Amino acid sequence: MAMGIDELIEEIKALPPEQQQRVRDTLGDATPPRQIRDDATAEEEFKLRLLEAGLIQEIKRPEHHLQELQEAFLSYQPITIRGKPLSETIIEERR
């Protein structure tokens, strides 16, 4: 009977630390290195290297920030002011 992934993980967790490290090393050797795109920014490359080193678990994509920005942009209401336009006031003060 084949062992499921959850059972395998539990078996690995039960191993002594040095054997767990051996499993990590073996899996690390079997994992192909991530290819960094030629046009990757320095920040993207930095995040990929952190991920490869195991210092972070995931690279969050900024999609949720873009949606928040778009919602804020669409709901923007300019402030109305009385008097002459602000641009005229700025030009007068520069003179």
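Mentor: Glad to! Let us start with glutamate 10, which is partly exposed, with a relative accessible area of 48%.

Trainee: Why is glutamate 10 called partly exposed?

Mentor: Buried means under 20% relative accessible area, exposed over 50%, and partly exposed in between, using a 1.4 Å probe and protein chains only. Glutamate 10 has 48%, so the label is partly exposed. Keep in mind that this is a predicted model, where local features need pLDDT of at least 70 and side-chain atom pairs count only at pLDDT 80 or more, while totals for chains, interfaces and linings use all residues. Residues are numbered from 1 along each chain as its sequence is written, and side-chain values use heavy atoms, with hydrogens and water left out.

Trainee: What makes glutamate 10 and lysine 13 a salt bridge?

Mentor: A salt bridge is a side-chain nitrogen of Lys or Arg within 4 Å of a carboxyl oxygen of Asp or Glu. For glutamate 10 and lysine 13, the closest N and O atoms are 3.8 Å apart, so the pair meets that definition. Both residues lie in helix α1, three residues apart, about one turn of the helix. Lysine 13 has 57% relative accessibility, so this residue counts as exposed.

Trainee: How many salt bridges does a search of the whole structure find?

Mentor: Four. Among them, lysine 47 pairs with glutamate 43, with the closest N and O atoms 3.2 Å apart. These two lie in helix α3, four residues apart, about one turn of the helix. Glutamate 92 also forms one with lysine 84, at 2.5 Å between the closest N and O atoms.

Trainee: Why is lysine 84 called partly exposed?

Mentor: Its relative accessible area is 40%, so lysine 84 falls in the partly exposed class.

Trainee: And glutamine 20, is that buried or exposed?

Mentor: Buried, because its relative accessible area is 18%. Glutamine 20 is found in helix α2 (residues 17-30). Leaving aside residues up to four places away in sequence, glutamine 20 touches Ile12, Lys13, Ala14 and Leu15, where contact means heavy atoms within 4.5 Å.

Trainee: What lies 2.9 Å from a polar atom of the glutamine 20 side chain?

Mentor: The backbone oxygen of lysine 13.

Trainee: Which residues make the nonpolar surface patch?

Mentor: Met3, Ile5, Leu8 and Ile9 make a patch of about 370 Å². Patches are made of residues with over 30% relative accessible area and no salt bridge: like charges are joined within 9 Å, nonpolar side chains (Val, Leu, Ile, Met, Phe, Trp, Tyr) within 5 Å. Leucine 8 has 39% relative accessibility, so it counts as partly exposed.

How values were computed. Polar contact = N/O pair within 3.5 Å; in protein donor to acceptor, adjacent residues only side chain to side chain. Areas by Shrake-Rupley, 256 points an atom, 1.4 Å probe, with all protein chains shown as cover.
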